[in-house]
Amino acid sequence: MRTFFLTLMFLLILPSSHASTLAEYTFDEPGKAEDFRTVTEEMRCLVCQNESLAGSNAELAVDLRNEIYDMMKAGRNKDEVIDFMVSRYGDFVLYRPPLKPSTYPIWFGPLIVFLIGGVVLFRILKRKSLTRETKLSTDEQHRLDDLLEQSTDPRDNNQ
Amino acid sequence: MNQYLRYSIPLFVFAVIAAFLYKGLGMNPREIPSPLIGKSVPEFSLPTVEDAETIVKSDNLLGKVYLLNVWATWCVSCRAEHQTLVHLSRSGKVEIVGLNWKDDRDKALSWLNRLGDPYVINIFDKKGRTAIDLGVYGAPETFLVDSKGVIHYKHAGPISMELFNETLLPMIEDLKRKG
C-alpha cells in the first residue's frame, strides 16, 4: 500500500518537473539562454495564472514560449520581448509589475503596513515603560513594605 | 468608553479584511484589462474557414462596425455562446466576424453546418499567431471594432444577451452614428 502511494506521489510530481526544463530551447550566443529563461520565468501564463510561462504546459504558454524563442533567435533583446508581450497582454503578464500610479498599492502597501505596525508597536512599548517608571506614593510605599514583611515564602517554612 | 474603543480595533481590522476578501470572491480573475482598447486591430493576412485559397486582410474589414469573435470547436463555452451569436446575427443589429482559433477546418465547418453560421467572415487562424497579436488567452473572446478598425471593447468569456443589450448595443449604436 505504501509503495502504491509513493508511486502515486511521484507520478503526480512528474509532469511539473518535466515542464520546467527549457532544454529544448538552445541558443548559439552565450547568455541568450539565460535571458530566455529569465524572461519566461518572469512572465505569467495567462491560462493557468499561477504558473510562469517557463513552467506552464498550457498550449498558449507553449506558443508564447516559441514566439519569444523565435524573437530572441532573430536577435531581439529582453526589453523588446517584454514590450511585445505587454503591448498584447498588458502589465498583467509581468510578475514584477512596473512602478506607476495604478501599481503604487502593490509596491508601497507592504511598507505602509509595516510602518503602521512599527508606530503601534512603538507606542505600546512607550506606554509600558512609562507605567513601569511610575513612582509609588508614600502611602502606597508603606503598604507595600507592610505586605512584604507579612508575607513569608512557604518554601522557607518547610525547611 | 475608551476601553470599548480599544477592544473594537481588532473587530474593525477583521471587518476591513473580510470586506476585501468578500469583494475578491465576486471578482473574475480572468477579466484582464486589454491594452488593445483604443488601438487598431493588428495587421493580418489569413485564409477563411470555408476556403484556404481566399485570403482576408485586416484592411478588408475596414468601413463597418463589427464584433470580432474568437472561437473554436474545442471550446465548450463557445458552444454555449453560439446560439446567442446566431440570434444576434439574425437580428441584424451588428455584424460578427469570426476568428477561428487553433482549430481543425473540417470540425469548424461541420460545427457551422450543424449549429448555424452567425459570421459574415470567418478567419482561420490555425497557428494562433494573430490571436497572440490580439492578446487572446482563452476562448471565447469578443472585440468591438469600429469602422476605422479601432478596438473599443473586449469581453473575455461568452456573450450573453444581457451583456449585449446593456453594454455592447449602446456602444455599437454610438459608433455607427459617428461613422
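Visitor: Given that pLDDT is the predictor's confidence in each residue, from 0 to 100, what is the mean pLDDT of chain B?
Guide: The mean for chain B is 92, with 99% of its residues at 70 or more. This is a predicted model, in which local features need pLDDT of at least 70 and side-chain atom pairs count only at pLDDT 80 or more, while totals for chains, interfaces and linings use all residues. Residues are numbered from 1 along each chain as its sequence is written, and chains are lettered from A and ligands numbered from 1 in the order in which they are written.

Visitor: And what ipTM does the complex get?
Guide: The predictor gives an ipTM of 0.78, alongside a pTM of 0.74.

Visitor: How many residues does each chain bring to the contact?
Guide: Chain A brings 13 residues and chain B eleven, where contact means that C-beta atoms, placed from the backbone, lie within 7 Å.

Visitor: Which elements of chain A give two or more of those residues?
Guide: They are α3 and α4 (78–89) of chain A, helices being DSSP runs of H or I with at least four residues.

Visitor: Switching topic, how do α2 and α3 of chain A cross?
Guide: The axes of α2 (residues 32–41) and α3 (residues 59–73) of chain A come within 11 Å and cross at roughly 145°, with axes fitted to C-alpha atoms over the stretch in contact and angles running from 0 to 180 degrees between N-to-C directions.

Visitor: Which residues meet there?
Guide: From α2(A), A:K32, A:D35, A:F36, A:V39 and A:T40 meet A:R65, A:I68, A:Y69 and A:M72 of α3(A).

Conventions. Two residues are in contact if their C-beta atoms, placed from the backbone, lie within 7 Å.
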